[in-house]
Amino acid sequence: MGDIELAQKLFKAELEMEVPEELRSLAGNGLREIAAREIKACGPRMDAVFYLLDAMRLFSGKSLNEVREVAFEIGMLGHYEPDINDPKKTHVLWSLPGRTFSALELLCIIYAGSRGSKKGMDIRWTWARSGECR
């Protein structure tokens, strides 16, 4: 009830424990809600705004299957929970050869792809572990 730091600490501790999947899911949802609240309070990250614009340009002229191929590959990387706040760590996609991407760039690409492929689709993103204002 107002102690966000304690709530984050407890949710993270729960994710480290051997608990039923229902409790693990609730802890993950709690962390996402805290991050979303803090992001809204801070305003948009300008780097993410520009990455999103680049992602929209990337998908212009691509078929739905090409967009899905890129989104699927990024989704598979999401299983390893890359840190969107670490721009030094980069990732290579076989579906977009010749480029490297930060985790935040990948987040913006998959968001743009999911929004363009199905109107009103809401993706749940687990890579955003930190809700820090930057």
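In helix α4, the buried residues are V67, V70, A71, E73, I74 and G78, where buried means under 20% relative accessible area, exposed over 50% and partly exposed in between, with a 1.4 Å probe and protein chains only. Seen down the axis of α4, these buried residues fall within an arc of 160°, so they line one face of the helix; the arc is that of the directions from the helix axis to the C-beta atoms. The face turned away from the buried side of α4 carries the exposed residues N65 and F72.

A word on the source. This is a predicted model, in which local features need pLDDT of at least 70 and side-chain atom pairs count only at pLDDT 80 or more, while totals for chains, interfaces and linings use all residues. Residues are numbered from 1 along each chain as its sequence is written, and side-chain values use heavy atoms, with hydrogens and water left out.

Now the overall architecture. The protein chain has five helices and two strands, arranged along the sequence as α-α-α-α-β-β-α. Helices (H or I, at least four residues) and strands (E, at least two) are DSSP runs, numbered from the N terminus. Of the 134 residues of the protein chain, 33% count as buried. Among contacts with a separation of 6 or more, 54% join residues 24 or more positions apart, a contact being heavy atoms within 4.5 Å.

I return to the helices. Helix α4 covers residues 64–78, and its 15 residues should span 21 Å at 1.5 Å a residue; its end C-alpha atoms are 21 Å apart, which agrees. The expected span is 1.5 Å times one less than the number of residues. Helix α3, with 14 residues, reaches 20 Å from its first C-alpha to its last, close to the 20 Å expected. In α3, A48, A55, L58 and F59 are buried. Seen down the axis of α3, these residues fall within an arc of 85°, so they line one face of the helix. F50 and R57 are exposed on the other side of α3. After α3 comes G61, which has a positive phi, near 85°.

Which residues have the most contacts inside the largest nonpolar core? They are F59, V70, I74, L93, L96, F101 and I109, in a core of 14 residues. Each of α3 (46–59), α4 and α5 (103–117) supplies at least two residues of this core. A second, separate core of six residues includes A48, I84, L104 and L107. A nonpolar core is a set of buried Ala, Val, Leu, Ile, Met, Phe, Trp, Tyr and Cys residues joined through side-chain atoms within 4.5 Å.

Finally, the charged pairs. A salt bridge is a side-chain nitrogen of Lys or Arg within 4 Å of a carboxyl oxygen of Asp or Glu; by this rule the count comes to two. One joins the side chains of R24 and E21, at 4.0 Å, N to O. Both residues lie in helix α2 (residues 21–42), three residues apart, about one turn of the helix. R24 is partly exposed, at 24% relative accessible area, whereas E21 is exposed, at 57%. The other salt bridge is between R99 and D54, at 3.1 Å, N to O. This pair links distant parts of the chain, with R99 in the loop between β1 and β2 (100–102) and D54 in helix α3, 45 residues apart. R99 counts as partly exposed, at 32% relative accessibility, and D54 is partly exposed, at 31%.
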